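Dear colleague,

I am passing on the structure below, together with an account of what was found in it.

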Amino acid sequence: MKKLIATITFGLAVMAMVLMAAPAQKKMIQIKGSDTMVNLVQILAEEYMAKNPGTALAVLGGGSGTGITAIINQTCEIANHSREWKQKEIDQAWEKGVRPRFFAIAVDGLSIIVNEKNTLEKLTMAELGAIYRGEIRNWSALGGPSKAVSLYGRQSNSGTYVFMQEHVLNNKNYSTDMKEMNGNAQIIEGVLQDEAGIGYVGVGYLFDENKKVRKGLKILNIAKDTKSQAFSPLDRAAVDNGSYPVARALYQATNGRPDGVAAAFIAWETGPEGQMIVEREGFFTIGAKYKEQNDKSLR
Amino acid sequence: MRWFKKGRWRQSSSLVFQLIETFWGGEGEDLPHSGEKSASLKSLRGKRTLARWKESAVKAFFFANGILAIIVLIGIFGILLSTAIPAFKEIPLAEFAKKTWDPTSPEKAQYGLLSMIVSTLMCTAGALLIAIPLGLGVAAYLSDVAHWRVREIVKPIVEILAGIPSVVTGFLGIVLFGPVIAKIFHTGHGLNAVNGSFLLAIMSLPTIISISEDSLNAVPSAYAEASLALGGSKWQTLVRVKVPAALSGIIASFMLGMGRAIGETMTVLMATGNARSFPHGFLDSIRTMTANIAIELGEVPYYTTHYYALFAIGLVLFIMTFIVNMIADVILNKYQQREL
């Protein structure tokens with residue numbers, strides 16, 4: 001009996017100590033959202049924390065939809081999103097007293113990948129849309145091998161899923177035959193194994209640790225229409241000037257004007273040091289247009 | 001405290017019992033037997049009322065424990081039902097009976113459950129098709145054929161198999177079974193119902209083996225001895241005598257294995273490809289109900305039609321497992337009556 005009381009007392013004491021110690025920790029900035037951006041932002045956060053001891057940033061994935069929902073519900077400070085907000089989401093945010101501000105931190109050439117055994121080299125936007133809507137079901141229709149197209153895509157909480165649906169599928173439904181994968185890496189693994197596979201991933205995921213394009217992958221060149229030239233997402237200039245048709249900005253959103261650590265972090269990310277890391281990780285730096293927007297949002 | 005020290009209660013010397021014994025101060029101060037006249041009548045009576053009070057307190061404690069399980073079950077069912085009902089108000093039943101599920105569609109939201117229900121049933125059936133013969137075989141081997149040393153080694157290993165996290169099993173499905181299945185069936189990829197069935201079979205095997213083996217071992221040895229004495233071979237004894245005698249436990253193990261397979265989420269989420277189309281065979285990519293809930297519940301805006309519809313899927317899943325359990329119960333009852 002005495003032992004029991006002693007144990008309970010000790011347990012309570014330990015719990016009390018843990019609970020009291022928690023608020024003493026430094027304030028953690030939560031960053032949540034896009035799976036396409038999670039690796040990049042993780043690296044940015046690590047470097048930033050190394051340079052600024054005393055700051056704490058936690059980066060989580062879950063998909064752009066998850067991040068945007070988290071900002072609306074005010075459960076995180078910064079949301080990563082690889083697509084723009086839907087009007088419905090902005091309305092929801094305003095209803096809850098959240099005033100979202102957006103910052104572009106990098107540019108992504110959304111890359112369309114196939115297995116290297118596929119003889120196809122390029123696609124137009126219309127063809128790509130038709131493939132993912134399930135209208136083109138065999139590669140032979142496009143001059144490729146006679147194999148049934150095997151679609152790889154993301155799940156509906158992914159910003160990339162929504163971006164593709166809005167910009168490539170012209171707001172039509174995806175084919176229900178599309179295999180919905182958990183992340184960019186899983187799509188790449190799928191396409192590497194599947195000779196008839198096609199997938200879409202952020203450009204930063206194409207490279208191995210030596211910064212070379214992963215072996216076994218073929219990156220398709222994409223043309224706006226049959227008359228225009230097809231470009232690769234690796235072509236910096238084409239992504240910058242918009243001739244690569246599925247380029248997009250990668251954003252972070254905050255509730256209202258950011259302050260303190262969040263503001264300093266965003267300023268650092270969009271500044272020269274942050275942008276150097278963005279480029280090193282395979283994504284593209286933001287142009288003058290986005291910089292101007294960012295400055296406006298910071299003010 | 002003699003009540004506890006008697007017979008069966010003592011055997012299950014779980015932590016709870018030990019705790020109660022310490023709390024009620026049972027250490028050696030047993031009630032005096034009625035024959036002894038050591039203490040005065042007054043103090044004896046006092047002790048008796050105390051003992052009675054203790055006993056009713058203990059009874060109440062165990063009654064509360066028993067009721068708790070029911071309260072939790074009713075609570076869960078209540079929440080599930082109350083969250084799912086708005087879905088049935090907002091979506092006509094005929095919509096649920098359709099094939100396509102696409103609640104975030106920019107064209108028109110669709111809430112068809114048929115493909116998912118068929119996918120779940122297909123995956124579970126496939127898993128049982130593999131796991132039942134294999135599991136029963138292993139159980140029979142362990143209980144009747146294997147040397148006791150082999151059994152002592154194999155049984156714990158089988159039970160460790162049950163402890164492998166489902167994420168790890170799913171990962172095996174992606175990197176190991178997927179490519180093999182793709183090679184064997186020339187499908188290009190191995191993210192399909194075969195893969196899911198295979199992994200779910202692995203996950204339900206430990207349950208089936210462990211419980212079947214236990215119930216085969218629990219068959220009184222007189223049964224087997226009688227059969228052998230009448231000239232039955234070892235095989236005949238096993239198939240005609242021991243398995244029928246242990247059938248209630250064996251069927252229970254199948255049902256528990258099935259429950260595991262229907263409810264499993266992470267493994268199928270990783271290994272079956274999650275395509276929303278209606279499956280036309282085991283080589284198609286499928287999306288089960290559990291995987292769908294796991295994929296979409298994280299990002300769905302709360303208190304929308306989509307949110308309620310996900311709970312409606314949960315309700316359907318609940319009803320399915322409920323029916324499975326009911327059928328198991330009915331089979332067991334029928335069998336036991338026949339035996340009597």
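Before the findings, one cut-off is needed: a residue is called buried if 20 or more other C-beta atoms lie within 10 Å of its own, the C-beta atoms being placed from the backbone. Please also bear in mind throughout that this is a predicted model.

I begin with a single residue of chain B. B:Ile313 has 24 C-beta neighbours inside 10 Å, and therefore it counts as buried. This residue lies in helix H15 of chain B, which covers residues 305-339. If residues up to four places away in sequence are left aside, B:Ile313 touches B:Leu113, B:Met289, B:Asn292 and B:Ile293.

Turning to chain B as a whole, you will find 15 helices and two strands. Of the 340 residues in this chain, 31% are buried. Among the contacts in chain B with a separation of 6 or more, 71% are between residues 24 or more positions apart.

Helix H7 (residues 148-161) and helix H9 (residues 193-217) of chain B pack with their axes 8 Å apart and at an angle of about 140 degrees, and the crossing of H7(B) and H9(B) is left-handed. From H7(B), the residues B:Val158, B:Glu159 and B:Leu161 meet B:Leu205, B:Pro206, B:Ile209 and B:Ser210 of H9(B). Sorted by class, this contact of H7(B) with H9(B) consists of five nonpolar residues, one polar and one charged.

Next comes the place where the chains meet. The contact takes 23 residues from chain B and 27 residues from chain A. On the side of chain B that touches chain A, the elements that give two or more residues are helix H8 (166-185) and helix H14 (289-297) of chain B. The residues on that side of chain B divide into seven nonpolar, 11 polar and five charged.

Chain A is assigned two domains, with domain 1 made up of 6-106 + 250-298 and domain 2 of 111-245. Taken over C-alpha atoms, the centres of domain 1 and domain 2 of chain A are separated by 29 Å. Their contact takes 17 residues from domain 1 of chain A and 16 residues from domain 2 of chain A. On the side of domain 1 that touches domain 2, helix H2 (35-51) and helix H3 (64-72) of chain A each supply at least two residues, and the largest share, four residues, comes from H2(A). By class, that side of domain 1 of chain A has three nonpolar, 11 polar and three charged residues.

Chain A also holds an open sheet of five strands, in the order S2-S1-S3-S13-S4, with mixed pairing. Its edge strands are strand S2 (56-62) and strand S4 (100-109) of chain A, each of which pairs on one side only. From one strand to the next, the twist averages 20 degrees. H2(A) packs on this sheet, where it touches S1, S2, S3, S4 and S13 of chain A, and its direction makes about 170 degrees with that of S2(A).

Strand S1 (residues 28-33) of chain A runs parallel to S3(A) and is joined to it by three bridges; A:Ile31 stands opposite A:Ile78 in S3(A), and A:Lys32 stands opposite A:Ala79. S3(A) is also joined, by four bridges, to strand S13 (residues 247-255) of chain A, and these two run antiparallel; here A:Ala79 has A:Ala253 as its bridge partner in S13(A). A:Ile78 and A:Asn80 point one way from S3(A), A:Ala79 and A:His81 point the other way, and all are buried.

Finally, strand S5 (residues 111-115) of chain A is mostly covered, with five of its five residues buried. S5(A) pairs in the antiparallel sense with strand S9 (residues 197-201) of chain A over four bridges, and the bridge partner of A:Val114 in S9(A) is A:Ile198. S5(A) also pairs in the antiparallel sense with strand S10 (residues 217-219) of chain A, over three bridges, where A:Asn115 stands opposite A:Leu217 in S10(A).

With kind regards

Note on methods:
Residues are numbered from 1 along each chain as its sequence is written. Chains are lettered from A and ligands numbered from 1 in the order in which they are written. This is a predicted model: local features need pLDDT of at least 70, side-chain atom pairs count only at pLDDT 80 or more; totals for chains, interfaces and linings use all residues. A residue is buried if 20 or more other C-beta atoms lie within 10 Å of its own, exposed if 12 or fewer, and partly exposed in between; C-beta atoms are placed from the backbone. Two residues are in contact if their C-beta atoms, placed from the backbone, lie within 7 Å. Ala, Val, Leu, Ile, Met, Phe, Trp, Tyr, Cys and Pro count as nonpolar, Asp, Glu, Lys and Arg as charged, and the others, Gly among them, as polar. Domain bounds come from an automatic or database domain assignment. Axes are lines fitted to C-alpha atoms, for helices over the stretch in contact, and angles run from 0 to 180 degrees between N-to-C directions. A crossing is left-handed if the near helix is turned anticlockwise from the far one by less than a right angle, and right-handed if clockwise. Two strands pair if DSSP finds at least two bridges between them.
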